[in-house]
Amino acid sequence: VPRPLRGDEISACVHRVALSRGAPEPVGPPPDSPEQARRRREADQHRRATLARLGQSHAAAVVARGEEATREALDAGRELVLSPSPLYDRDGERVAVVQALVRVGRNDSGFAYAPLLVKNAEVVEAAATRRILRGDLARPWPSEAAYAEGLGTRGSPSVVRAGLALAHATRVLESRGLADPLRRGALVDRHGTLYWVELDGDAYPRFSLSTYDRLAEERHGVIEAHRRWSAGEASFPTSPYWHRQCPECPYVTLCESHLEAGDDVSLTRFTSFDQQVLLREHGIATRAALAALDPARARAARNRVLRPEGESRPEDHLGRAIDKLDELIFRARAHVAGSPLRVRAREETGCERADVEVDVDMESYHDRTYLWGALVTTGRDVDGVDAGFRSFVEWDDLDEASEARVFRDFWRWFSQVEAATRSAGASFAAYCFWAQAEDSAMNRAVGRPLEGGPTRADLDAFRARARWVDLHEVARRQIQTEGPAGLKVLASAAGFNWRDPTPSGEASMTWFEEARGPAGSPEARRRLLEYNEDDCRATRALREWLNGPARDLASRDEPGAPPRPR
Ligand code: SF4
């Protein structure tokens, strides 16, 4: 008997739906990512804490331990059923897991329940023309909620996934005669705010019941085709294609090796499924074939008149159908070349220099910055300016005041370096990678200025007078990579190596959890300080590379010698 369809499979890749019911070859262990483990741990904690709050706030709440207790609670019409056992539909084809069931009234056959899910994520965003029914944990019933104007659900994968899981649970409840006649579901966000969504109709098209039904039908079809494959009656029903879910999927090793072996065109980063289908339909099945297309012809395709009798090439058709096909071609070329490519002319590649250069980087944890680091490089001697790395850190408290304190100390030192440079008649420039992050951390830190600390006016004056260079912007305009143009990719291309074997912003969150507090791990602190210093050294290495070896990279406008498409 095939395993029933789960709510979290409705938005999952169909190949995963099939593989998880039996793969045609042995599957290696899933990727072991500390970041995924951390996210799971935090989501579990949030779920437990939210359920505890719901339980404490409502005398009528019942924790349903096991299948029998769940059935009894639902038959008795308990107002709030927490942690119910997995619910199966009448046919045993679907199973729904929810954090709670909220009694919302009665239907034709008895008590009616709405599913409630707890997510450790933002659920809503500002949306001028929309509104959403907002409630809270103290009164988790739709009749107690009120519309919040100017808010709508986010379109993020986690919200869509959660919405589809609510729709799934609703269909399961329907099949058991327990569904809310108005088909509502509740989502609790990371702040503990509860939102009600109506799943019928088109208020939430990404996870309405009709969207759900279409996706569920497709997956039931895959499960049936998989059953036939298991019985030896058909070939395996699905095949892999690279997309955003792959990096965190347990089957990534298996799928990636298959796709790499065939140089599959889906491996071209940031291609959508529809684009991949179009490319294949025009004979462009590999990255090499994509790299061989003419980007100029692809760009011109939108204005070209296609004549039925005239000679045409794939670029003429694909360029009309795929927005920015030229960028896909350039990414494929960077892959084929095995190295980043130059976007601009040789002499236009580079990054501005100064007598005193300061590479800046900060580390944050959940929107609070605890560490500012800076690397000073001097091209000439300046009184009061020492070359080398400095850091300013707070391990114990992490709140608005400590964030402001660390930044004040950093800013005093930084301003003094800048002032000394200027009074010596030397030039000054500061660099960071992705200035949006540094700028918003700075702005936040001066939100409530400290005595003797910088103000927002000080920051604005600095930005107006100084050269504050966003290296991400500089590199993005000059260097073509095959995927994201992040610091790790670019500095590695420049030959820079981090001391830590697994450096990443996400990993640093886990290290900070070990490093914080009076009994924080010295090893985790050392790791963070080195990581921050290495990020500063990486931006310097990137600048030096842009001003030197990057000028000798091949141009992305030169096709190289990949094979022509068949
Ligand atoms: S690795 Fe990608 S293609 Fe393979 S099953 Fe997972 S999500 Fe699907």
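Student: Which are the buried residues of α2?

Tutor: This is a predicted model, where local features need pLDDT of at least 70, side-chain atom pairs count only at pLDDT 80 or more, and totals for chains, interfaces and linings use all residues. Residues are numbered from 1 along each chain as its sequence is written, and side-chain values use heavy atoms, with hydrogens and water left out. Buried means under 20% relative accessible area, exposed over 50%, and partly exposed in between (1.4 Å probe, protein chains only). In α2 the buried residues are Glu 35, Gln 36, Arg 38, Glu 42, Ala 43, His 46, Thr 50, Leu 51 and Leu 54.

Student: How should I read such spacing along a helix, and what covers the buried residues of α2?

Tutor: An α-helix has 3.6 residues a turn, so residues three or four places apart point the same way. Helices (H or I, at least four residues) and strands (E, at least two) are DSSP runs, numbered from the N terminus. The cover over the buried residues of α2 includes β2 (61–63), β3 (80–82), β7 (110–118), β10 (184–188), β13 (356–365) and α17 (505–515).

Student: What span should helix α2 have, at 1.5 Å a residue?

Tutor: The expected span of a helix is 1.5 Å times one less than its number of residues. For the 24 residues of α2 (residues 34–57) this should give 34 Å, and the end C-alpha atoms are 34 Å apart, which agrees.

Student: With which residues is Ser 504 in contact, beyond its neighbours within four places in sequence?

Tutor: Contact means heavy atoms within 4.5 Å. With those neighbours left aside, Ser 504 is in contact with Glu 35, Lys 488 and Tyr 531. Ser 504 lies in the loop between α16 (487–493) and α17, and although 469 residues separate it from Glu 35 in sequence, their C-alpha atoms are 9.4 Å apart in space.

Student: Which residues are around the ligand?

Tutor: A residue belongs there if one of its heavy atoms lies within 4 Å of the molecule. The residues are Cys 13, His 15, Arg 16, Leu 19, Pro 240, Tyr 241, His 243, Cys 246, Cys 249, Tyr 251, Val 252 and Cys 255. Among the helices, α1 (14–19) and α6 (252–261) each supply at least two residues of this shell, and α1 gives the most, with 3 residues.

Student: Where is His 366, and what is its phi?

Tutor: His 366 is in the loop between β13 and β14 (368–378), and its phi is positive, about 45°, although it is not a glycine. His 366 is partly exposed, with a relative accessible area of 39%.
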